[in-house]
Amino acid sequence: MLTEPAFILKSMLKVQMSWPQHISLKVVRSHSMEDLFFCISAAMEAPVDALPEIPAHAPYLLIGGGTASFAAARSIRARDPGARVLIVSDESDLPYMRPPLSKELWFSDDPNVTDTLRFKQWNGKERSIYFQPPSFYVSPQELPRVENGGVAVLTGKKVVHVDVRGNKVRLNDDSEISYDKCLVATGGTPRNLQVIERAGEEVQKRTTLFRKIEDFRSLEKISREVKSVTIIGGGFLGSELACAMGRRCKSSLEVIQIFPEKGNMGKVLPEYLSNWTTEKVTKEGVNVMTEAVVKNVSYQDGKVVIKLKDGRVVKTDHIVAAVGLEPNVELAKSAGLEVDSDFGGYRVNAELQARANIWVAGDAACFYDIRLGRRRVEHHDHAVVSGRLAGENMTGANKPYWHQSMFWSDLGPDVGYEAIGIVDSSLPTVGVFAKATAKDTPKAATEQSGTGIRSESETEAVASSEVTPVAAAPREPQQGEEYGKGVIFYLRDKVVVGIILWNVFNRMPIARKIIKDGEEHADLNEVAKLFNIHED
Amino acid sequence: MSYCRQEGKDRVIFVTKEDHEAPSNAELIADDPNDPYEDHGLILPSGEINWNCPCLGGMASGPCGEQFKSAFSCFHYSTEEVKGSDCVDKFRSMQECMQRYPELYPQEDESAPQGGDETPSTDPLAHIQDSDQGSASAPEAVLASEDMSSTDHSATS
């Protein structure tokens with residue numbers, strides 16, 4: 001920014017050239033002077049080695065190197081010309097997107113996929129899971145002096161302490177970085193089951209808590225080496241991994257999925273749809289065991305033995321625990337940040353602000369949604385939307401959370417849905433369905449646009465491809481064709497607070513509009529008409 | 001005729017194409033184009049460029065962001081008969097910058113990018129903003145169709 005004192009100083013210094021070269025200035029721990037001193041050293045063109053590896057000051061400091069952080073970095077750079085953004089990540093990887101780790105990467109035909117981490121997108125083009133290649137970023141060392149600013153990522157470092165009054169953080173190596181604006185985007189850590197934690201080392205080393213690239217690499221290797229994998233958990237991650245592994249390793253690997261609910265996505269989908277989905281997951285080659293509560297886990301005779309409360313026993317080689325995410329709120333104490341007791345995570349206002357100069361975005365943010373109330377959302381698009389919003393507000397926008405994020409899931413080629421808002425199966429729902437034809441699957445949607453994700457043999461026909469009869473009288477739906485495609489409304493006090501688009505694509509804007517309006521609609525079938533579910 | 005059943009608290013309705021043929025009588029609230037809370041497309045109600053528009057991908061935020069903004073602003077406000085003809089220098093400067101980062105800004109005739117990509121077509125964060133797309137008066141290449149994330153689910157979110 002042109003009024004930034006450092007900028008003015010730098011311009012002045014260029015005229016003055018009476019300073020000796022290679023001055024190494026002691027870093028003064030007063031943040032308002034930090035920037036000036038660094039610009040002085042930059043103007044003197046000190047050799048790169050003289051610059052500290054970790055800058056002592058970052059105007060924009062983003063804690064966490066995931067999706068929310070990256071989205072914020074981009075937003076800040078778009079709005080503040082020449083912004084200098086430092087991301088501090090405890091992972092060794094540059095920022096990347098998580099959804100392909102449990103979906104597209106498993107569908108890849110490339111034997112090197114665990115190295116390249118590349119996948120085919122909807123439009124047929126390949127890309128890496130990394131948001132940007134290394135050349136996009138500047139080094140943390142050069143961040144203070146690079147001409148037009150940039151984004152730097154400090155990997156393998158963890159922020160352990162935030163001094164809110166002093167506007168600075170301390171890392172796990174004791175170095176300190178001061179900031180003007182700070183984002184906390186620390187995400188979460190996968191939960192584990194107590195029975196596994198108590199089960200001893202032999203079980204724990206055969207258990208994966210899935211979240212990161214290293215977990216994908218490790219599990220992919222394991223899936224090729226063992227005979228049986230059991231996934232505990234029936235939500236998004238568990239079901240996606242079950243389908244991905246069931247599909248990829250059909251003949252060589254037994255895939256079992258166990259969870260307490262009555263069907264896959266039992267906490268999200270109304271019962272009839274959860275049951276239908278469970279059948280589909282089973283068709284992907286997964287042995288789904290519902291209403292299964294784990295009593296204890298042990299290692300016996302070379303097998304991991306899972307005993308369920310109802311007496312059933314599962315013998316397997318490896319466990320994947322997908323039982324939820326614990327938001328990372330370790331900084332709450334030092335930073336004096338409030339933690340929400342209902343939803344977990346740092347409590348922030350509608351503008352995602354926690355305290356002066358501190359914002360929170362992504363999985364760790366418990367925020368006030370003006371339309372839907374206080375909530376915490378653990379989806380990729382929310383990380384993007386909230387990260388972007390936090391970045392806007394860090395550059396002075398003062399906008400509340402308003403643009404609703406969405407999420408999606410694909411469970412095999414026949415089940416794909418997009419959703420928005422509060423999608424909780426405990427709410428009353430109204431589902432409006434059309435009879436599905438062969439044209440209405442995610443696979444078909446991409447094929448029609450000429451960009452098939454994967455090739456299918458001709459014998460792999462899609463079921464229930466009868467032509468919809470023109471009938472005046474109601475007709476009892478046939479088995480297996482009932483929930484091909486449609487739209488499901490989730491209601492709270494007669495207002496639609498959540499919508500699922502079931503095998504119906506490219507209609508999210510309408511869904512978003514209905515949620516935003518927050519109106520009571522007398523006849524939801526009329527609302528359903530807006531979605532044109534019978535068309536492609 | 002539609003067919004309906006109740007499964008506990010959940011209602012299920014089955015409809016044929018004919019059932020949904022008549023226009024909907026559901027009422028939607030008219031949008032306020034000046035709503036300060038709304039995400040806008042490429043052009044803000046004030047006429048300024050929204051550099052944070054997901055439709056731009058990372059163009060405004062990457063290493064050549066400043067050059068891009070400079071060139072694009074010039075184009076946007078250009079009143080020349082051939083719009084942007086007074087901005088050639090800025091576009092050249094932008095191009096020179098982009099050539100230094102071929103990984104991020106692949107040239108037209110190159111094959112698919114190796115890593116991430118600044119251009120909107122494969123930007124993992126870009127949104128397609130619903131209706132505002134049409135109001136942009138930007139060069140075609142910049143507003144190529146975007147991809148928000150890995151799947152087509154987000155293509156028009």
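Predicted model: local features only at pLDDT ≥ 70, side-chain atom pairs only at ≥ 80, totals over all residues.
What is the pairing of the bonded cysteines of chain B, numbering them in sequence order? The pairing is 1-2, 3-6, 4-5.

A disulfide is a covalent bond between the sulfur atoms of two cysteines. Over all chains, the structure holds three of them. The table sets out the sulfur distances.

| Pair | S to S distance |
|---|---|
| B:Cys53 and B:Cys55 | 2.2 Å |
| B:Cys64 and B:Cys97 | 2.1 Å |
| B:Cys74 and B:Cys87 | 2.0 Å |

Take B:Cys53 and B:Cys55. The torsion about their S-S bond is about 130°, so this disulfide is right-handed. Both cysteines are buried.

Next comes the link of B:Cys64 and B:Cys97. It is left-handed, with -90° about the S-S bond. This pair links distant parts of the chain, 33 residues apart. B:Cys64 sits in the loop between strand E2 (10-14) and helix H1 (65-77) of chain B. B:Cys97 belongs to helix H2 (residues 88-99) of chain B. Why does B:Cys64 count as buried? Its relative accessibility is 0%, and buried means under 20%. B:Cys97 is buried as well, with a relative accessible area of 2%.

The link of B:Cys74 and B:Cys87 is left-handed too, with -85° about the S-S bond. B:Cys74 lies in helix H1 of chain B and B:Cys87 in the loop between H1 and H2, so the pair ties together parts that are 13 residues apart in sequence. B:Cys74 has a relative accessible area of 16% and is buried. B:Cys87 is also buried, at 0% relative accessibility.

**Cysteines of chain A**

The cut-off for a disulfide is sulfur atoms within 2.5 Å. A:Cys182 is buried, with a relative accessible area of 0%. A:Cys243 is in no disulfide either. The nearest cysteine sulfur to A:Cys243 is that of A:Cys249, 13 Å away. At 3% relative accessibility, A:Cys243 is buried.

**A helix pair in chain A**

Helix H3 (residues 67-79) and helix H12 (residues 380-394) of chain A meet. Their axes come within 7 Å and cross at roughly 35°. The crossing is right-handed. On H3(A), the contact residues include A:Thr67, A:Ala71, A:Ser75 and A:Arg79. On H12(A), A:His380, A:Val384, A:Gly387 and A:Glu392 are among them. By class, the contact has seven nonpolar, five polar and three charged residues.

**An annotated span**

An unreviewed UniProt entry carries the annotation "domain: FAD/NAD(P)-binding" for residues 61-386 of chain A. The end C-alpha atoms of this span lie 16 Å apart. The span is 24% helix and 30% strand.

**A lysine in H10**

Is A:Lys280 buried or exposed? With a relative accessible area of 18%, A:Lys280 is buried, the cut-off being under 20%. A:Lys280 is found in helix H10 (residues 271-283) of chain A. Leaving aside residues up to four places away in sequence, A:Lys280 touches A:Asp414 and A:Val415.

Notes
Residues numbered from 1 in each chain as written. Chains lettered and ligands numbered in written order. Heavy atoms only, no water. Axes fitted to C-alpha atoms, helices over the stretch in contact; angles between N-to-C directions. Helix = DSSP H or I, 4+ residues; strand = E, 2+ residues; numbered from the N terminus. Left-handed = near helix turned anticlockwise from the far one by under 90°. Contact = heavy atoms within 4.5 Å. Nonpolar A, V, L, I, M, F, W, Y, C, P; charged D, E, K, R; others polar. UniProt positions renumbered as here; feature names shortened; annotations may be inferred. Buried < 20%, exposed > 50% of the residue type's maximum accessible area, 1.4 Å probe, protein only.
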